[in-house]
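The stops below run in order.

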Amino acid sequence: MQKRFSLILSVFLLFLPMVVCTAQTPREGFITTKDGVRLFYKIVGDGRETLVAVHGGPGNSMNSILADLEPLAKNRTVIYYDQRGNGRSDLIKEREKLAVEKHVEDLEAVRRHFKLDKMTLLGNSWGGLLISYYAAAHPDKIERMILHNPAEPTQALMFEAIDEIQARIYSRYNDEQRKRYSFVSKPDSWMKAKDPRAICREFFQLLFPTYVAKPEIFARFKGDVCSGSEEAVRQQQYVNQQIWRTLGNWNLLPSLGAVKAPVLVIHGEVDPIPVESSEAWAQGFPNARLLVVKDSGHLTHVEQPEIFFKAVETFLQGEFPADAKKIQPPEKK
């Protein structure tokens, strides 16, 4: 009898992570953070392994990545959530409540809510920077991480990316289009717009071609970067601006050494974010590799899905993709 009970208990414990995330937890709902902010979450898939996917922006919602990352839920449970100030989570305007430290606390609230001892994280764009801030603060809570076309680890590298985007806009658009882009990129234009969703769509229609290898790729793009209530869309750019301001002159690189978990950095070859940015990430984490995807920009999961999903699956199964390279630090002179 004792042996049978032990066997039953072992089987129960083996499947406990799946039970926690599926049978006992609603497929969508809200998490309340310690400062009272409600975060909307959605669970996709029902596999035993759990992946937490963190969207980009700042200012977007989970719907900017969920549809295009659908293959990730084939063999696992994927948890998405709208960051504070975005989507269906509580909308916030106070800068101090939008600080990156609050976002780190929110991600810890997600971990605790789903009773995850350690998290496997995928961070898209800005989400890559956010999960790296989280990892630096909680290195013992990381199983492994994917930095999916991550934002820059330093402000200096971000300025390089902004310069490249501006150069692409200048070279591809005429004077009238450049003036229109300047207008629709201002947070105040969104806040005062009669139809903020229309101005959101116009903004991304002008911006996206500068982010990808081939503009026609958007016929395959399923994500909705303008989802949510009218008020949520209205303040997207405002939230974006406030979050970046809270970072100041940031440099996260010195804090990465404490993160011993495996990290895969994925970078599109023609991403306006310079490859040096992703190389810096791969150098900063002690156990990291960099995969540079050819014929791709900032949306590797849409532009080169076969390469992207194969690499991610290989990594999540415990191995680095064969083409992912260890980036050695520059030699000291």
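Select arginine 168: does this residue count as buried, partly exposed or exposed? Arginine 168 counts as buried, at 12% relative accessibility; buried means under 20% relative accessible area, exposed over 50%, and partly exposed in between (1.4 Å probe, protein chains only).

Before going further, note that this is a predicted model, in which local features need pLDDT of at least 70 and side-chain atom pairs count only at pLDDT 80 or more, while totals for chains, interfaces and linings use all residues. Residues are numbered from 1 along each chain as its sequence is written, and side-chain values use heavy atoms, with hydrogens and water left out.

Helices (H or I, at least four residues) and strands (E, at least two) are DSSP runs, numbered from the N terminus. Glutamate 164 is partly exposed, at 31%.

Elsewhere, salt bridges with shared partners join Lys34, Asp35, Arg84, Lys102, Glu105 and Asp106 into one network. Select aspartate 106 and arginine 84 from that group: their side chains meet in a salt bridge at 2.6 Å, N to O. Aspartate 106 is in helix 3 and arginine 84 in the loop between strand 4 and helix 3, 22 residues apart. Aspartate 106 is buried at 2%, and arginine 84 is buried at 0%.

Next, take arginine 38 and aspartate 90, a salt bridge whose closest N and O atoms are 3.8 Å apart. Arginine 38 lies in strand 2 (residues 38–44) and aspartate 90 in the loop between strand 4 (77–81) and helix 3 (100–113), 52 residues apart. Arginine 38 is partly exposed at 37%, as is aspartate 90 at 25%. The whole structure holds 19 salt bridges.

Now go to glutamate 303 in helix 12 (residues 300–303). Glutamate 303 is buried but has no salt bridge; arginine 220, the nearest side chain of opposite charge, is 7.6 Å away. Lys and Arg count as positive, Asp and Glu as negative, and His and the chain ends are not counted. The side chain of glutamate 303 does reach the backbone nitrogen of alanine 213, at 2.9 Å.

Terms used:
Salt bridge = Lys/Arg side-chain N within 4 Å of Asp/Glu carboxyl O. Polar contact = N/O pair within 3.5 Å; in protein donor to acceptor, adjacent residues only side chain to side chain.
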